[in-house]
Amino acid sequence: MQVSVTDAKGQLTELVRRAEAGDEVILTRHGHAAVRLVPIKAMPDRKGRRALMEAARAVGVAKAKAGPSAARSQDFLYGDEGMPE
């Protein structure tokens, strides 16, 4: 999309939002392209997001430690008769 600098003054927030979403926004001066708005950080594509999620899962699995089963995790609260101590 092309917008004159004069028109862009009143809609800068919306133009920035569109550029961040991946739309190409070009500001023109006297009918000639002058500036292109682009996001600083490119939005990851589907493959990039998937790779990021798989890496996060792998880190989580590597950090996970085996512990007592959930059924036995509170046994210390009860005596031999099964009553709270």
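Helices (H or I, at least four residues) and strands (E, at least two) are taken here as DSSP runs, numbered from the N terminus. The structure is a predicted model, in which local features need pLDDT of at least 70 and side-chain atom pairs count only at pLDDT 80 or more, while totals for chains, interfaces and linings use all residues. Residues are numbered from 1 along each chain as its sequence is written, and side-chain values use heavy atoms, with hydrogens and water left out.

The protein contains three helices and three strands, and these elements follow one another from the N terminus in the order β-α-α-β-β-α. The protein is more spread out than a compact globule, because its radius of gyration (taken over C-alpha atoms) is 28 Å, well over the 12 Å that the globule rule (2.2 Å times the number of residues to the power 0.38) gives for 85 residues. Along the principal axes, the C-alpha trace spans about 90 × 25 × 15 Å. Of the 85 residues, 12% are buried, where buried means under 20% relative accessible area, exposed means over 50%, and partly exposed lies in between (1.4 Å probe, protein chains only). Contact is defined as heavy atoms within 4.5 Å, and among contacts between residues at least 6 apart in sequence, 18% join residues at least 24 apart. The protein exposes about 7,600 Å², of which carbon and sulfur atoms supply 56%, as computed by the Shrake-Rupley method with a 1.4 Å probe.

V25 lies in strand 2 (residues 25-29) and is buried, with a relative accessible area of 0%. When neighbours within four places in sequence are left aside, V25 is in contact with M1, L15, R18, A19, V35, R36 and L37. V25 and V38, which are 13 residues apart in sequence, lie 7.5 Å apart in space, C-alpha to C-alpha. For V3, with neighbours within four places in sequence again set aside, the contacts are A8, Q11, L15, I26, L27 and T28.

T28 is likewise found in strand 2, and its relative accessible area of 9% places T28 among the buried residues. Beyond the neighbours within four places in sequence, T28 is in contact with Q2, V3, S4, V5, A33 and A34. The loop between strand 2 and strand 3 (32-37) holds H30, which counts as exposed at 76% relative accessibility. The phi of H30 is near 55°, a positive value in a residue other than glycine. Most residues other than glycine have a negative phi.

F76 belongs to the segment after helix 3 (46-63), and at 60% relative accessibility F76 counts as exposed. F76 and G31 are 45 residues apart in sequence and 78 Å apart in space, C-alpha to C-alpha.
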